[in-house]
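Biologist: Before I rely on any of the labels attached to this protein, I would like to hear what stands behind each of them. Could you take me through the terms one by one?

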Amino acid sequence: MNTIRELVNQGIKVLQRMKINYNSTIGPNTMQLINISKQLIPNLQKEQPEIADILNNALSTINFNGFISAYSFGDIRTCYRILASLYNHPKKIFISHSSEDKDIVNGFVKEILMLGCKFERTDIFCTLDHSAIRTGEDFRNEIVKNMKGCDFILCMISENYKRSEVCTNEMGAAWAMDGKRILPFKFPNLPFDDMGFLNVVKQGADITDKSKLDELYTELCAFYGLSPDWINYNQRTADFIQLVNSKTGCK
């Protein structure tokens, strides 16, 4: 799905640069669109075979004696619009954390996700440790309902998180779901060996590990078709790590 999304976004950008009439010749933009579409078709054949067929037929007729066939171009543009509506769904990130760690989590949301990745606040679901949701089945259902619409689930694991029944239930619900990208980040003052019942999270990364934050940024940009801005992101990451160190007393 990521490959389809990336190719669709590339095609949309080319289409936005193209304005044709009945006398438009085949040029660099058209050739770029054709090349992207040729890469897209094999990826679509399993998930969207009808769109793949329409796109393939349009590519075979778009070049009319060196001029762009307006009808074929219209079919290609329509295919990309449909694919964009299918694959460019809103960004949704679920953050599981303890309310005792709200300063660090708010810093992560602001610096890394909003200022660094350019997400909107509505793209992000944040949970609270002290919740009004009742225990038992109602509680689990509420967690599951909020997680279902998300692509990524980030677990901010700290000593406060470990002591929270709400947080551990969220962790369990996250790992029980299929098709979700779960990324555990531990606080710097929590050694991996002290994670106790959360020790299953072997791939957890330290929240101040710059290389891991860079991996997250790369993955989010690829998944959502974002254009990386490393100069901006590096500054936001530095500000966030400084915040964490000041709150935890780590260096």
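Modeller: Let me begin with burial: a residue is called buried under 20% relative accessible area, exposed over 50% and partly exposed in between, using a 1.4 Å probe and the protein chains only. This is a predicted model, in which local features need pLDDT of at least 70 and side-chain atom pairs count only at pLDDT 80 or more, while totals for chains, interfaces and linings use all residues. Residues are numbered from 1 along each chain as its sequence is written, and side-chain values use heavy atoms, with hydrogens and water left out.

Biologist: Why is Asp214 called buried?

Modeller: Asp214 has a relative accessible area of 19%, and because buried means under 20%, Asp214 is buried. Lys210, at 28% relative accessibility, counts as partly exposed.

Biologist: What makes Lys210 and Asp214 a salt bridge?

Modeller: A salt bridge requires a side-chain nitrogen of Lys or Arg within 4 Å of a carboxyl oxygen of Asp or Glu. The closest N and O atoms of Lys210 and Asp214 are 2.7 Å apart, so the pair meets that definition. Lys210 and Asp214 are four residues apart in helix α9, and therefore separated by about one helical turn. Helices here are DSSP runs of H or I with at least four residues, strands are runs of E with at least two, and both are numbered from the N terminus.

Biologist: How do you know that Arg236 and Glu111 also form a salt bridge?

Modeller: The N to O distance between their side chains is 3.9 Å, and because the limit is 4 Å, the pair qualifies. Arg236 lies in helix α10 (residues 230-248) and Glu111 in helix α5 (residues 102-116), 125 residues apart, so this pair links distant parts of the chain. Glu111 counts as buried at 12% relative accessibility, whereas Arg236, at 24%, is partly exposed.

Biologist: What makes β5 and β6 paired strands?

Modeller: Two strands pair if DSSP finds at least two bridges between them. Strand β5 (residues 152-157) and β6 have six bridges in the parallel sense, so they pair. Within this pairing, Leu154 stands opposite Leu183 in β6, and Ile153 has Ile182 as its bridge partner.

Biologist: Why are β4 and β7 called edge strands?

Modeller: Five strands form an open, parallel sheet in the order β4-β3-β5-β6-β7. The edge strands are β4 (124-126) and β7, as each pairs on one side only. Strand β6 (residues 181-186) is mostly covered, with five of its six residues buried.
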